[in-house]
Amino acid sequence: MMMITTIPAWLKTVLKFAIGIVIIVWLLFRFNPQEILDALAGVQVSLLVVAIMVYAITLLLLSLRWRFILRQMGYQVPVLVAYQGFVAGILMSDMTPARVGEISRPLTIRDRVPAHAGLGSVFLDRYCDFVAIFLLGCGGLLLLSAAHSPGLLLMMTGVLSIPIVLLTAFWVKRSAVLNLVHIFRMPRLSSFASDLGEAMDALSHPVPTMGASILFTLLIWILQSLRVVLIALAAGFVLPIQELIFIQPLISALALIPISISGLGFVEGGYVTVFAQYGIPAAAGFAIALLDRVLTVGFHLVVGFRYALRTVGR
């Protein structure tokens, strides 16, 4: 009888990290390393500092959104704790495929919020992100429709809608979804579904709470796009922020591709493709994408590393 060998989780992570590195190296040599170095050498450091400050404010606002959801569930978390915990969760997601590491975020506040409630709050928080990405991304697909296949854009719309459909179905038809989960006999999934249901039940005024959080998220994408605009400007290129607000969510969604760690390589390739439509050479576009990756991950390390260690320890 043939034995099926299960690939260890650590080996899967290494392989996915290797895939991302291979894509990055291929892009590096595809766009001429010297041209990329020249683009990096000419950046204005002062504008990069401003971009980091904008990102710090962006993460503060996102952590306040999470804190607001927790408060509506009956839990009070100090602003600094929520901020560091939020950034630590993103740091963990930087090191995992499809950014699944962010589900470890509740562990950073485990001494203040029960694990099941914290997990539920994170998924409600991420639900706001998925809805905002879908709404803005649909506008971005319209902007890109002239340069790309309608079939491809339709497929991307379908993919973006999957998490929204699943979570919305759970919200309005919870008993049916729970019964379906129990049929498949997956204990962990059943436990998670029960925890998420409890979190939803604990949420006071769910419709106004989630509506306000989603609207807040849409406004935050202005700052997300401003960061990229500033990095491009530091490299000597101008991007229209009014269009990037709709297109960048599509690029960020590439981080959910589970083939590499945090979409490494795919996100950078997406930026290069979009930047080319605004007259930015491929080498310079790749340099801007790399700067964005280094600056954001570096910020996550500085702010969230200590809390991330607490998460790993648990």
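1. Ser262 lies in the loop that links α10 and α11. Helices here are DSSP runs of H or I with at least four residues, strands are runs of E with at least two, and both are numbered from the N terminus. Ser262 is not a glycine, yet its phi is positive, at about 50°. With 0% relative accessibility, Ser262 counts as buried; buried means under 20% relative accessible area, exposed means over 50%, and partly exposed is in between (1.4 Å probe, protein chains only).

2. Basis of the note. This is a predicted model, in which local features need pLDDT of at least 70 and side-chain atom pairs count only at pLDDT 80 or more, while totals for chains, interfaces and linings use all residues. Residues are numbered from 1 along each chain as its sequence is written, and side-chain values use heavy atoms, with hydrogens and water left out.

3. Overall make-up. The protein chain contains 12 helices and zero strands, so the pattern along the sequence reads α-α-α-α-α-α-α-α-α-α-α-α. Of its 314 residues, 47% are buried. Among the contacts in the protein chain with a separation of 6 or more, 75% are between residues 24 or more positions apart. A contact means heavy atoms within 4.5 Å.

4. The pair α10 and α11. Two packed helices are described by the angle between their axes and the distance between the axes. For helix α10 (residues 241-253) and helix α11 (residues 266-276), the axes come within 8 Å and cross at roughly 150°. Axes are lines fitted to C-alpha atoms, for helices over the stretch in contact, and angles run from 0 to 180 degrees between N-to-C directions. The angle therefore makes α10 roughly antiparallel to α11; angles under 35 degrees count as roughly parallel, over 145 as roughly antiparallel, 65 to 115 as roughly perpendicular, and the rest as oblique. On the α10 side the contact is made by Ile247, Gln248 and Ile251, and on the α11 side by Val267, Gly270, Tyr271 and Val274. By class, the contact has five nonpolar, two polar and no charged residues. In this count Ala, Val, Leu, Ile, Met, Phe, Trp, Tyr, Cys and Pro are nonpolar, Asp, Glu, Lys and Arg are charged, and the others, Gly among them, are polar.

5. The pair α3 and α9. Helix α3 (residues 45-72) and helix α9 (residues 206-234) have axes that come within 8 Å and cross at roughly 170°. That makes α3 roughly antiparallel to α9. Their contact has 19 nonpolar, six polar and two charged residues.

6. The pair α3 and α4. The axes of α3 and helix α4 (residues 79-94) come within 9 Å and cross at roughly 110°, and the two helices are therefore roughly perpendicular to each other. The contact involves residues of α3 including Leu59, Leu62, Trp66 and Arg67, and residues of α4 including Val79, Tyr83, Phe86 and Ile90. By class it has 12 nonpolar, two polar and one charged residues.

7. Asp129. This residue sits in helix α5 (residues 115-144). Is Asp129 buried or exposed? At 11% relative accessibility, Asp129 counts as buried. Apart from neighbours within four places in sequence, Asp129 is in contact with Leu62, Arg65 and Thr217.

8. Leu291, in helix α12 (residues 282-313), is buried at a relative accessible area of 14%. Leu291 and Leu40 are 251 residues apart in sequence, and their C-alpha atoms are 8.2 Å apart. Not counting residues up to four places away in sequence, Leu291 touches Leu40, Val43, Leu48 and Ile231. Gly211 belongs to helix α9 and is partly exposed at 37% relative accessibility. Between Gly211 and Cys128 there are 83 residues of sequence separation and 8.6 Å in space, C-alpha to C-alpha.

9. Asn32. A positive phi, near 75°, is also found in Asn32, a residue other than glycine. Asn32 lies in the loop between α1 (9-30) and α2 (33-41). With a relative accessible area of 33%, Asn32 is partly exposed.
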